Amino acid sequence: VIDFGVGESTQKLLELGARVIAIDKDKEKLRKYVGSDASLIQCDITKIPFHAKIADLAVFYFTLHEIDPSLHRDVILSARRVSSKIMVVEPFPSGCPAYEIYADIWRRAMHSIGKFEDYQKASYWKRLIEDCGFKIVISKRIKQKVKIPFKVLRKIVQNTIKEWKKANVNVRYIWEMEKFLDFANTKGMHWSDLLVIIGISSDKE
């Protein structure tokens, strides 16, 4: 299995007994898995150093929304080059008003420092995957119903603001995130639903 973007998915795949190649451009994230059974490769996932099908499955777990949307096609085509199957897990950006506000602030804050946090509709991911030569065999929305306790959410937001300040995020978005807490305290919030898509390459080679 090639895991595009090291993290929770890497650990879970290892626990399930998969032979994992973990790819990430962030050296610090990769360093956490030094000593594990995963093979670690530091590179841009749009330029992976493989040119033939070497894996049974390519996994993108909460990865694609952090990549410039203009590069999504190149990334998925790279995955098809090295694997006949793909699994994409992404946040589902609608269903909870408080989460939609939270996600929008995150998106604009990341854009202000040249990064991405761009959640997309299910139709976007399906079309992208199909256009890149995969036949979708599973498309499922997993609903999140449990509300996040406000004390937990407040701590998450406080930590987020600390990180944003270190990253020089525009103070406007920090102020918006602080005000968001008032809304979330009144309305409540649960995390986004999850979209899971599995595709099989139509390429017979």
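**Entry 1: helix axes.** Before looking at any helix pair, I note that axes are lines fitted to C-alpha atoms, for helices over the stretch in contact, with angles running from 0 to 180 degrees between N-to-C directions. I also keep in mind that this is a predicted model.

**Entry 2: helix 4 with helix 7.** I started with helix 4 (residues 97-111) and helix 7 (residues 171-187), whose axes come within 10 Å and cross at roughly 170°. Angles over 145 degrees count as roughly antiparallel, and therefore helix 4 and helix 7 are roughly antiparallel to each other. Who makes the contact? On the helix 4 side I found Pro 97, Ala 98, Ile 101, Tyr 102, Ile 105, Trp 106, Arg 108 and Ala 109. Helix 7 answers with Arg 172, Tyr 173, Glu 176, Met 177, Phe 180 and Phe 183. Sorting the residues of this contact by class gave me 11 nonpolar, no polar and three charged.

**Entry 3: helix 4 with helix 6.** Next I turned to helix 6 (residues 150-166), which packs on helix 4 at an angle of about 10°, with the axes 12 Å apart. Helix 4 and helix 6 are therefore roughly parallel to each other. Here Tyr 102, Ile 105, Trp 106, Ala 109 and Met 110 of helix 4 meet Ile 156, Val 157, Thr 160 and Trp 164 of helix 6.

Entry 4: In what order do the strands of the open sheet run? I read 3-2-1-4-5-7-6 across its seven strands, with mixed pairing. Strand 3 (39-42) and strand 6 (134-142) are the edges, each pairing on one side only. From one strand to the next, the twist averages 20°. I then zoomed in on strand 2 and strand 3, which pair in the parallel sense over four bridges. Asp 24 has Gln 42 of strand 3 as its bridge partner.

**Entry 5: the cores.** The largest nonpolar core has 28 residues, and those with the most contacts inside it include Ile 2, Phe 4, Ile 23 and Phe 60. Among the elements giving two or more residues to this core are strand 1 (2-4), helix 3 (72-82) and helix 5 (122-131). There is also a second, separate core of 22 residues, with Ile 105, Leu 153, Met 177 and Ala 184 among them. Last, I checked Ile 76: leaving out residues up to four places away in sequence, Ile 76 touches Phe 60, Leu 64, Ile 86, Leu 128, Cys 132 and Phe 134.

Methods
Residues numbered from 1 in each chain as written. Predicted model: local features only at pLDDT ≥ 70, side-chain atom pairs only at ≥ 80, totals over all residues. Heavy atoms only, no water. Core = buried A, V, L, I, M, F, W, Y, C linked by side-chain atoms within 4.5 Å. Buried < 20%, exposed > 50% of the residue type's maximum accessible area, 1.4 Å probe, protein only. Contact = heavy atoms within 4.5 Å. Pairing = 2+ DSSP bridges. Parallel < 35°, antiparallel > 145°, perpendicular 65-115°, else oblique. Nonpolar A, V, L, I, M, F, W, Y, C, P; charged D, E, K, R; others polar.
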